[in-house]
Amino acid sequence: MDYRTNITEFILLGLSQTKEIEVICFVLFLLCYIAILFGNLLIMISVTWSHLINQPMYFFLSYLALSDLCYTSTVTPKLIINLVTTKKSISYNGCMTQLFTMHFFGGIEVFILTGMAYDRYVAICKPLHYTILMSRQKCDAVIAASCAGGFLHSFGQFLLAVFLPYCGPNEIDHYFCDVYPLLKLACTDTRKIGFLVIANSGLMGLVTFVVLLISYGVILYTVRSYSAENRRKALSTCSSHITVVVLFIAPLLFIYIRPATTLPEDKVFALFYTIIAPMLNPLIYTLRNKEMKNAIKRLCYLMSGSEGNRLKGVTVFHHHTVS
């Protein structure tokens, strides 16, 4: 514990030390973050302000958008700021806070994706029991369980990192604080802790991924007996979800399922689940989804209508004032 007081801040080496590349990355990731904010807020508001909020699939989708928004906001703003600043530092407390919140919202997202897969499984394989198995009370319980699971996962990661002695150097070869890069800086034997990280993050991701693959295997087997139209609708919805799962969980497995080592490719794979997946999720779920498109159109119509009424009221008020 005494050693740790020697480190009051960490230096994040980021994606590159070349100024020209940093400028390009700054513009690119700033646009990505704006797209993440806009896309996920649009999904949240469109679902909440429409009848879709009463359907479990869209109920989960709105919470997935919220978790995406919170998850990427724990990493991306700091990344963008560091790309244009000379000193790319983060305090010790800030580093541990970032590690906890990132794994908290990331864990929630993994469990929500599992809940969405279960929803599709029940809808396709047990349609007669759907309203009972996926009632609002059950959906609320899934969200509560996702938050609890995310907290337990992140608290475990936090404990593994916060009690390690850090006595220098303090340079983290990454663009955010994570367990594996921190293990390299600890001045103690971290092999056992590395196995605990695999058990916490790696196995959780692997078990979730296998369960999702099995559930969609059962779904694909079930839809064989459906009519062509119903089969097309079921596969369209499932393909969107499978794409999101692969984009988010596959890079996680590459990083966390192996022993406690860091590779240069880790930063690139981390971009997939911290920035690229949260940015693409709104597009994946809306481009081929007629109900989401209609909900967004209704939201735009309501906003344009309310704006038109406001302008009309101002015009009438101005007319009476002049008269």
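**A residue in a loop, then the rest**

Tutor: Start with Ser50, which sits in the loop between α1 (19-48) and α2 (56-73). Helices (H or I, at least four residues) and strands (E, at least two) are DSSP runs, numbered from the N terminus. This is a predicted model, where local features need pLDDT of at least 70 and side-chain atom pairs count only at pLDDT 80 or more, while totals for chains, interfaces and linings use all residues. Residues are numbered from 1 along each chain as its sequence is written, and side-chain values use heavy atoms, with hydrogens and water left out.

Student: Is Ser50 buried or exposed?

Tutor: Ser50 is buried, as its relative accessible area is 11%. Buried means under 20% relative accessible area, exposed over 50%, and partly exposed in between (1.4 Å probe, protein chains only).

Student: Which residues is Ser50 in contact with, leaving aside neighbours within four places in sequence?

Tutor: Ala295 and Arg298. Contact means heavy atoms within 4.5 Å.

Student: New topic. How many helices and strands are in the protein chain?

Tutor: The protein chain has 11 helices and three strands. Read from the N terminus, the order is β-α-α-α-β-α-α-α-β-α-α-α-α-α.

Student: In what order do the strands sit in the sheet?

Tutor: The order is β2-β1-β3, in an open sheet with mixed pairing. β2 (89-91) and β3 (171-172) are at the edges with a single partner strand each, so one side of each has no neighbour in the sheet. Two strands pair if DSSP finds at least two bridges between them.

Student: What holds paired strands together in general?

Tutor: Strands of a sheet pair through backbone hydrogen bonds, and the pairing is either parallel or antiparallel.

Student: Parallel or antiparallel for β1 and β2?

Tutor: Antiparallel, with three bridges joining them. Glu9 stands opposite Ser91 of β2. With β3, strand β1 (residues 9-12) pairs in the parallel sense over two bridges, and Ile11 has Glu171 as its bridge partner there.

Student: Which helix packs on the sheet?

Tutor: Helix α4 (residues 92-125) does, and it touches β1, β2 and β3. The direction of α4 makes about 85 degrees with that of β2. For such angles, axes are lines fitted to C-alpha atoms, for helices over the stretch in contact, and angles run from 0 to 180 degrees between N-to-C directions.

Student: Back to β1. Which side chains along β1 are buried?

Tutor: Phe10 and Leu12, which point to one face.

Student: Pick a residue in α4 for me.

Tutor: Gly107 is in helix α4. Gly107 is buried, with a relative accessible area of 1%. Beyond its neighbours within four places in sequence, Gly107 is in contact with Gly150 and His153.

Student: Where is Tyr285, and what is its relative accessible area?

Tutor: Tyr285 is in helix α10 (residues 265-287). The relative accessible area of Tyr285 is 8%, so this residue is buried. Leaving aside neighbours within four places in sequence, its contacts include Leu61, Leu113 and His241. Tyr285 and Leu61 are 224 residues apart along the chain, and their C-alpha atoms are separated by 8.5 Å.

Student: What about Leu159, in helix α6?

Tutor: Leu159 is in α6 (residues 136-162) and is partly exposed, at 33% relative accessible area. Leu159 and Phe100 are 59 residues apart in sequence and 9.3 Å apart in space, C-alpha to C-alpha.

Student: Last topic, the chain as a whole. What percentage of the residues in the protein chain are buried?

Tutor: Buried residues make up 46% of the 323 residues. Among contacts with a separation of 6 or more, 80% are between residues 24 or more positions apart. The C-alpha atoms fill a box of roughly 70 × 65 × 35 Å, taken along the principal axes.
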